[in-house]
Amino acid sequence: MATANFSKRATYLDEQFRNTYDSDNTVFSPQGRLHQVEYALEAVKQGSAAVGLRSKTHSVLLALKRSTGELASYQQKMFRIDDHVGIAIAGLTSDARVLSNFMRQQAMSSKMAFNRPVPVNRLVSAIADKAQVNTQEYGRRPYGVGFLVIGQDKSGPHLYEFSPSGNSYEYYAMSIGARSQSAKTYLEKHYESFADCSLEDLIKHGLHALRETLQQDKDLNVNNTSIGIVGAPSVHENTTGISFRILEGETIQPFLDTMVPKDVPATAPAPAATTDEDVQMTE
């Protein structure tokens, strides 16, 4: 009973005096939370969506690009780190630029010191350690960006998620950014088939998941979509290497053409159509 009362009291203090505990990142709230770190995680949720998937032979990234206006170009969502590693971002692009430069330095240092590409897990651990420092030292702020990192090394293809809290996890499939939960729902339904998928099928699954994050009046096209690949090229690519590459513009049109159109319950009975629409809105 005493523990429950203390927990309720801590929650009350946390809500009543939130501004007292979010002035810097070294102060814990009574509930044991670091509010500035949570705000940084919220910045990732506000970024445009990115989806990552991996099979036994390939890792792929798919990202939704935003434009600030009719006269502006679309924002860059993917960065090449090394021949075998690439990232997709969600959150503050300026923070992503700084962290991606740090990752390139780590990859270059590994080549110079050991004459081999840096293992993907070591590279992800390096940026996670760098981000964790900003959650603990006074006078710093957490990075406001999250990454999906794909790569390939001696142990095969990899997909990692990096968050501003300093945590990193490996996944079969993952999505970050705005409305990413809808994409996660799709990925959770189909992830068991990803391991044996061809590259073309893997990208098609990724496009379907990315489409779930769009508003209902929007659709994927060659201007707002980027695809990143590590592994052997597909039949639609004019390359022979397996290094990381970013596909944009007209080069992704063959992949968009493989997408299955969304079901339109025009011929279904009225009650069924209403149910389908409710399910879509919930997602």
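Colleague: If buried means under 20% relative accessible area, exposed over 50% and partly exposed in between (1.4 Å probe, protein chains only), how does R33 count?

Modeller: R33 counts as partly exposed, at 21% relative accessibility. Bear in mind that this is a predicted model, where local features need pLDDT of at least 70, side-chain atom pairs count only at pLDDT 80 or more, and totals for chains, interfaces and linings use all residues. Residues are numbered from 1 along each chain as its sequence is written, and side-chain values use heavy atoms, with hydrogens and water left out.

Colleague: Got it. Which side chain does R33 meet in a salt bridge?

Modeller: That of E38, at 2.9 Å from N to O. A salt bridge here is a side-chain nitrogen of Lys or Arg within 4 Å of a carboxyl oxygen of Asp or Glu. E38 is partly exposed too, at 28%.

Colleague: How many salt bridges does the structure hold?

Modeller: There are 9. One of them joins K111 and D82 at 3.2 Å, N to O. K111 sits in helix α4 (residues 93–114) and D82 in strand β3, so this pair ties together parts 29 residues apart in sequence. Helices (H or I, at least four residues) and strands (E, at least two) are DSSP runs, numbered from the N terminus.

Colleague: And is D82 buried or exposed?

Modeller: D82 is buried, at 8% relative accessibility, while K111 is partly exposed at 36%.

Colleague: What about R245 and E237, buried or exposed?

Modeller: R245 and E237 are both buried, and their side chains form a salt bridge of 2.8 Å, N to O.

Colleague: Switching topic: what's the strand order in the sheet?

Modeller: The open sheet has 5 strands in the order β3-β4-β5-β6-β7, with antiparallel pairing. Two strands pair if DSSP finds at least two bridges between them. β3 (78–82) and β7 (168–170) are at the edges with a single partner strand each, so one side of each has no neighbour in the sheet.

Colleague: How many bridges join β6 to β7?

Modeller: 3 bridges, with β6 covering residues 156–162. In one of these, E161 has Y169 of β7 as its bridge partner.

Colleague: Now the helices. What's the angle between α6 and α7?

Modeller: α6 (residues 180–190) and α7 (residues 199–211) pack at about 145°, with their axes 7 Å apart. Axes are lines fitted to C-alpha atoms, for helices over the stretch in contact, and angles run from 0 to 180 degrees between N-to-C directions.

Colleague: Which residues make that contact?

Modeller: A183, Y186, L187 and H190 of α6, with H205, H208 and A209 of α7. Contact means heavy atoms within 4.5 Å.
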